[in-house]
Structures are given as C-alpha cells and as structure tokens.
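Welcome! Please take a look at the sequence and the structure below, and then we can walk through some of the details together.

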Amino acid sequence: MKLSAPLTFGLIACILLVSAPHAEHLPLWVSAVCAALLAWRAYLTWGGYPLPARWLLLGITIACVLAIAITFRTLFGREAGVALLILLATLKLLELKAVRDATVLVYLSCFIIITNFFYSQSIPTALFMLFTLLVIMATWVHMQTGALALRPRLRIAVVLLLQAIPLSLIIFVLFPRVQGPLWGMPQDAYATSGLSDNMAPGSMSKLSLSDAVAFRVTFADQAPAREQMYWRGPVLWDYDGMTWTRGRNATLRGPTLTDTSMPVEYTVTLEPHNKRWLFALDMPAKLSIPAELAPDFQLLSRAPVNARTRYTANSFLSYRANPEEQPQQLQRALALPPGYNPQSRQLAAEWRAQSDSPEAVVRTALAYFNQQGFVYTLEPPLLGLNGVDEFMFGTKQGFCEHYAGSFVVLMRAAGIPARVVTGYQGGEYNDLGGYHIIRQADAHAWAEVWLRERGWVRVDPTAAISPARIQSGLSSALPDNSALPFMARNPPQWLRGLRLNWDTLANQWNQWVLGYNTERQFAFLTRMGMEDITWQKMALNMLAGVAVLVGVFTLLMLRRLATRKTDAVQAAWLKVCRKLAKAGLPRAPHEGPMDYAARIAAAHPDLAADIYDIAARYASLRYGGETEQEGLAAFKDAVRTFKL
Amino acid sequence: MNPTLNKVIAQTEQVILGKPRQIRLALTCLLARGHLLIEDLPGVGKTTLAHVLAKTLGLQFQRIQFTSDMLPSDILGVSIYQRDSGEFKFHAGPIFAQMILADEVNRATPKTQSALLEAMEEHQVTSEGETRPLPVPFFVIATQNPTNQIGTFPLPESQLDRFLMRIQLGYPDAQAERGLLAGIERRDLIANLKPQMETAELMALQQQVRQVLVSPALLDYVQAILRHTRESARYVHGLSPRAGLSLLAAARAWALLDGRNAAIPEDIQAVLPGVASHRLQSVQDVHTSDGDKLARELIEAVAIP
C-alpha cells in the first residue's frame, strides 16, 4: 500500500520536531545533512516523484556513518549515538514505502524525544516535547484511521494523551528510584559554569556577566541581613604572583568552631556545576548530606555535583574559627612568592612598624583602600608581572578579586596569616516563592585573616571601597552597568515580577519533578500513608495501580460496547452472520440484510429460503417497527435452527 | 407492489431500453416530490425519458429549451396591455405545467436559472407583484450537459442542492442499443402511449410515501453516513442536514416502489448515488469528480450500525 502525501508530510514533521532541538549541540554538518534530507523528502512528496534508488541511499548511509565515526571517533556514547540516530531516522524517511516503515518511524520519533532530555530538562523543553508527542500521536492516528480530517484526528490524539496522564502519574510517583549509573544522567550531561578552584585577575568579573542560577536557598526562619550573606566556596591559599590556587591542606585535623551564636538553618538546591564543593553560609556547622568539612571550612561533596542537589545546612553567623591553628597552616598563610611586588611589601612593612597590633594593620589597610582613590569596576586595565604593585600604585581600578588578592598579599607581607575565600555574596529574594536566588553574577571573593584569640576573621576589602556592592548588590555598585547581565541590572518592576514568577515555577519543577529522588519519594509516600516502604512494595503498588486503571478503562469501554449490543434482534442477526462467516461468507460491514441474503442465496441455493426468511424477519424487526415479542421469538427460533 | 406503478414502469421500459434503474430513480424522485437533474451527453435519451414519464403519468407537459439569451419572463410569463379592455393581462409562461422539462438548463444565464429554481423551491411564481400558484403536482426534470462543454453556466452548489437527485443515463448496453436501432421510431412510440395513472392517484401515492416507516436503526445509519462525510478528509464539504432529509425522502419512495412500507438500509444505498453525488466533491480531483464513484466509496466506508 502506498502512503498518502499528507501522512508522509506528517512523518516529516515528526522527525523535524524531534530533531530540531538537537541542532543546538550537534555538529553543524549533521544538522545541515538532516535539513537537506528532510527538504529533499518533502520535495519528492510534494511533486509525487519516486524515491531515490536503493544503492544511492546505501551510499549516503555509509557516508554518514563514516562521517560520524570520524567526527566523534566512536559510534557510541551520547553525542555520537544521538547524531547517528537522527541521521538514520531521517534517512529512513527516504525509504518510506509501506505502513510498516511508517510505524517504525513513529516509534523512532518517540524514542528520539527521550534523547532531547539528555540535554535539557527545563519546562520549555518539556512543553515542546509534549507538543511534539501530540503531533506524533496525530500522525499515528492518521496512519490507523486513514482518511480522517485534521480536527477529529487531533481530537483522538488529545484523548489518547489525556488517558495516558493517570497512568504516567502512577508510574512517576511509584516507580522505584534507584540511585546509580543505570538511572543517572551521563556525567557530561550538564553544561557548566561557576566558580573554579583558582582565581586570577579577571576570573570573577567574567563570571559576573552570567545570569545563570547558581543555587536557590530557602531559610527555615528569618533570613540574615544581606551583608551577612557570604556563601563560602573554595578557599585559596597558594599564590604564584599571578594566580591563587587551593593548594593542599597541611593538616588532617578537622576545623573547630567555638563561641558560636546566631544560628541559621536553610535548604540549598544547588545547580550542577561538576565540581565537588558545596556552598554554605559562613561558617557551616552541619549538613544533611554526607560531605567533608575541610580544615579551612570548605564543604566538599564526595563526588562532583553533576545532578541538582538538595541539602539542609546549619551555620553560625557569629563564631570563632580555629582559634588554635596548626603552625603548618599558619606558615602556608604567610607564604609569598619571592621577588614580586616590592613596593607593596615595603608599604606593608611600614604599616606593621607603625601599628601596635595586627588588627590595627587591617584597619590601616582598609582605610588605605577607602581613601586612596580606588575604583570598583567590572573592566579594570590589564596588569603585568608585578600585578599587585601596579594595582596598588598605578591603575587603582579593580573588581573583587583584585581587592581580595592584593589585601591578602599585603597582610602576608605584614606578617599576618591571611587567605582568599571565593563564593557568592548576597542574592535576590523571590517573595513569590519565598526563597533566595543566587546567580553567577553574585560571585565574590573576600579575605580571611588569622588573629590570635579570634581565629579566622572575615575581612572584605571590597566593602571598604564599595559598600553598596555588599549591601544592595552589584548593580548599585557599578555606575555604568551596561556590561552586566540583564537581570543583574535594575529591570522594570513588571519584568522583574514576571521573571520571579517564572523562577518560582522552575523551582517547583526542579523540586518536585526533576528532584523527585529516592529521598523525596519516600517522604512523599510516607505522608500519603504508606508504611515500611521498600522498592518491592512500591513496584507492587505501581503494578496494582496500573492494573486498576487499565481495569477501569476496560470496564468503561466494555460498557460502551455492551450498550450497542444489548439489542436482542441485532444480537441474533450477528449470530447468523457469524455462522455464515465461518463458512467463508462473511457479511461486509456496509452490506444490508437483503443484499446479504441475496448473495448467500446465489452462493448456496439450498439455503435461499432460510436466509431470505431470516433476513426478512430481521429487516421487519429492526427497520419495520414490528412489535417485538412474538416476532422476536420466531426470529430467534429461525436463527437457532439455521444450519449450513 | 402497487399494480399501477408496475404498469407505469413497464410502459416506460418499453420506450427507454436497458435503463431500469434510472427509470426507477426518476420515479422515486417524482414520488418523493423532488426535482430531477439529468446530466449526460446529448442524445442519450434525457428528453425522451422526461417525455415518456409525463405521458405515462398523465401529466401536462411543457418543454423549455434553455438558451443563453433567455430572460426570466420567457419562463414565468409576462403581462401584456389589452387595448380593448384597457388592462394588463397575464400571459402565463411555459412553467405553468405539471411536468416541466428544462432542457440544457446550464445554457441559460444565472439570472434565468434562478427564476426557474425559485419556482421549483416555492411552487409558486411571483411576477409584477402578484403571486400565482403553480399546478399540482409540479415536477421539474432539468437536463444538463457535462459542465466542461463550452457555452455553459454551471449551476452553483446552492442551486444543485434544490434537486433531490442527479442521475446519469449513460450509453445503453449492446443489446438495448440493438433493440433501439432495430425498433420503431421513438417519437411514434411516445405519441401512442396511454396514461396509466390519474393525477389524484399519483398524489395519493406521494402521500403514501410519507407514511413509509423509518426506524431509529435506519436513522442511526443515515446519521453515520452524514457524520462520515463531515469527518472524512476525502470531501470538500460534508453533507448538509437537507441532504439527510432528501436521503430519507428518496429512500421512502424507493421502498414504496419496491412494495414495502418500511425503509431498509438497501433503500438508502440504492438512492444514495442519486441523492449525494451532486452534493459531494472530492478533495483530490475537484474538477472531474465522478460523483457515482464517490457515492459508492461512501457506501462501502460506512458500516451499517
């Protein structure tokens, strides 16, 4: 059977819709070849031309497979697999001959839908895929029902999808979530942006151009003041004159917090960033998921965070951190590369000589930054070999990494142990969802100095230059903020509301759909009243739920069929038809009783009298308005005694 | 079966050879009080059929040959000033007859066509502010050349809808043609035909058609057919409710011709090509749609509930 042009166009649309989102990350040549093949197929259909020869298709296929093998150096894995799948599906369109091929393509389209979720699981992607699924279903219905107009076809597809909703809900809620490689996403599934484990001039300002969400935080009680919100990330110790790096901790002894007060509890939903560190407010004390608290109070997860992660943390805003510090650690916190930045060292030595305590040196340094005409800017001039000297005495323009880095160098030169801490500062409050959004644009660097008795104390030199950055965010600290990402500037109120609404929705989606993991599943099911949850129990419940649903649908359908068949006259007539069908003379669905009788009589003259009698009785009962009782009995008798 | 109807059919078949189905459909149309459109090539016997039916049923007969320069008054009639009485007197046009043969109706301009079609619909003629009823019964057989011939104004769909049925005669088969060629001149045959029926009898039969029973099961079938034409992608438009009513009326008449007092699905199927073919248009080939083929496909596509 030849496939009709509308059906072929439907299939082309299916393949186009499922592969279009892949164009974003596939090599350009794959998208181009797919587009060309689809256009070619559409042209052939439109003009009613014959399909290309088999040898030509075979040649193209081999060329495509070879090209993929060369581009990706493999035929397996996510990228190569998706590219191969899409190319082959498109090629399949070109050898579309029978209904069987169309069926294969419809199933293939459904499968390719899944591959789109390897790359994005956002709400727009899900909505787009839902629309695509509707088109696929409509095409499938088209294939099954033949000449049905578009509107009834769409209606059937919508009804089918609606019927699938309860089924998929049951499976979504109850399907046992097993954490492990089988169910997890591929390691490289996420595009990453975020803090890295080193800091050089320019690295922070580059990050602050990104609008992307780093994590979201819900506070259990009152949120702390904005200037208290220092989200601690990688702590950087080692300096080579240009770049700050984490180095290796010289001790295995865990950190100690004493004299703590002002506790806060909050839940963080961290976007995947493919690095090990987790973020918490200064200073973290407790975490709900297994993680290592390094001696410098840095939180490290056991494995790189490559899935959205939720954890609850407890912090103390007032503390004494490691008042007793290991000598080796203090030694690290004083190390400076020899020979660099002589002027700054000189300046620090002078301060040290004039002051009677380390605290006084810190105050002097901050006052120096504040009073010597330093400027806070996203676009500082480039610095050379003696970066700190050039910055301190030359350009005097910098972003947070310049201030934090220079401050630590000055402190170390003055003999005060100091280190750089990177992380995020502040965050935007979403009053619709009741949570804070921390974006990459909130990335920040500050310093910590170790003072006897007081331990590690946070000092933020940026606050000395630009207090606005800490109190109300980046946009108010930068007069000319045109380079900033759109949302970090001050957008109109309605736009901000829209954006926050959307973020609230995305947050719910993250929490309840994407983040519905084992833990959430157990919590949800317990709240629903299920006890002693095991995965076997969930699986059984799921099967039972599916069975009940299918049962309900079946009953509904049977009842619909039954109301059609309760007619006794019709039932008896269908019985005769069945008898004759067994003898190889089935009634065509559109064949009336008298026509059928005539055909039977022609084929079996011996039956003529009987079948004419039965047909006449049937016609008179069903169409002639004969009162049922006696006529029906006689008709039933005639049917019973009818034999071939 | 009604013996009079039998005689009518027998006499018609003597003149129109080898077309029993078309004769029955024409009679069905008449009994159902509908008008008939015959579409075919010139010379296949359209006019003869109309003439024979009129003669056999004992109806006044008028033939109107449509031409492109015809005016509505040529059909309806016109008032002429009478010098001796000083008044206008209405001279009835050819439409005031019981059976009208509107020959080659698609040769006339749309204005003239619509004058005829309005008369068909209203069973009365309004001319110069005065309304005059047409004779009873009133039956129009219009013939039409295939629309792709030159010099024709094809009837628009809305006016095609006024005809209960459209039939095609087609060439006779070899045997019938032989009889036609070897037999007596048709004109002489017609001249000798005797009426087989009184007008009152015909009207009684028309009344009887309305009494033919239509069961709910049959209505289900008709609705299934209508629904299919509306949902299917094969047709430009689905059948209208009026088409559904026409289908039932024709099926009743067909059942009566068959001597039954209840309509069955076969009746619907028998009249469906005549009733539906000029109301359906295939999506695929808009210009040369074979209406009968479409109707047969329609029959086969809808299961009898």
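In this predicted model, 18 residues of chain A are in contact with 20 residues of chain B, where contact means heavy atoms within 4.5 Å. Local features need pLDDT of at least 70 and side-chain atom pairs count only at pLDDT 80 or more, while totals for chains, interfaces and linings use all residues; side-chain values use heavy atoms, without hydrogens and water. Residues are numbered from 1 along each chain as its sequence is written, and chains are lettered from A and ligands numbered from 1 in the order in which they are written.

**Where the chains meet**
- The size of an interface is often given as the accessible area lost when the parts come together.
- Between chain A and chain B, about 1,500 Å² is buried, and carbon and sulfur atoms give 60% of that area; buried area is the accessible area (1.4 Å probe) that two parts lose on being put together, summed over both.
- The two chains have 0 salt bridges between them (a salt bridge is a side-chain nitrogen of Lys or Arg within 4 Å of a carboxyl oxygen of Asp or Glu).

**Chain B as a whole**
- Chain B has 13 helices and 9 strands; helices (H or I, at least four residues) and strands (E, at least two) are DSSP runs, numbered from the N terminus.
- Of the 305 residues in chain B, 51% are buried (buried means under 20% relative accessible area, exposed over 50%, and partly exposed in between, with a 1.4 Å probe and protein chains only).
- For contacts in chain B between residues at least 6 apart in sequence, 77% join residues at least 24 apart.

- Three strands of chain A form an open sheet in the order β7-β11-β10, with antiparallel pairing; strands pair if DSSP finds at least two bridges between them.
- The edge strands are β7 (277-278) and β10 (291-293) of chain A, each pairing on one side only.
- β7(A) pairs with β11 (residues 299-301) of chain A over 2 bridges, and A:Leu278 has A:Leu299 as its bridge partner.

**A residue in a loop**
- Is A:Leu585 buried or exposed? A:Leu585 counts as buried because its relative accessibility is 13%.
- A:Leu585 sits in the loop between α20 (568-582) and α21 (593-603) of chain A.
- Leaving out residues up to four places away in sequence, A:Leu585 touches several residues, including A:Tyr596, A:Ile600 and A:Ala603.
- A:Ala603 is 18 residues from A:Leu585 in sequence and 8.8 Å away in space, C-alpha to C-alpha.
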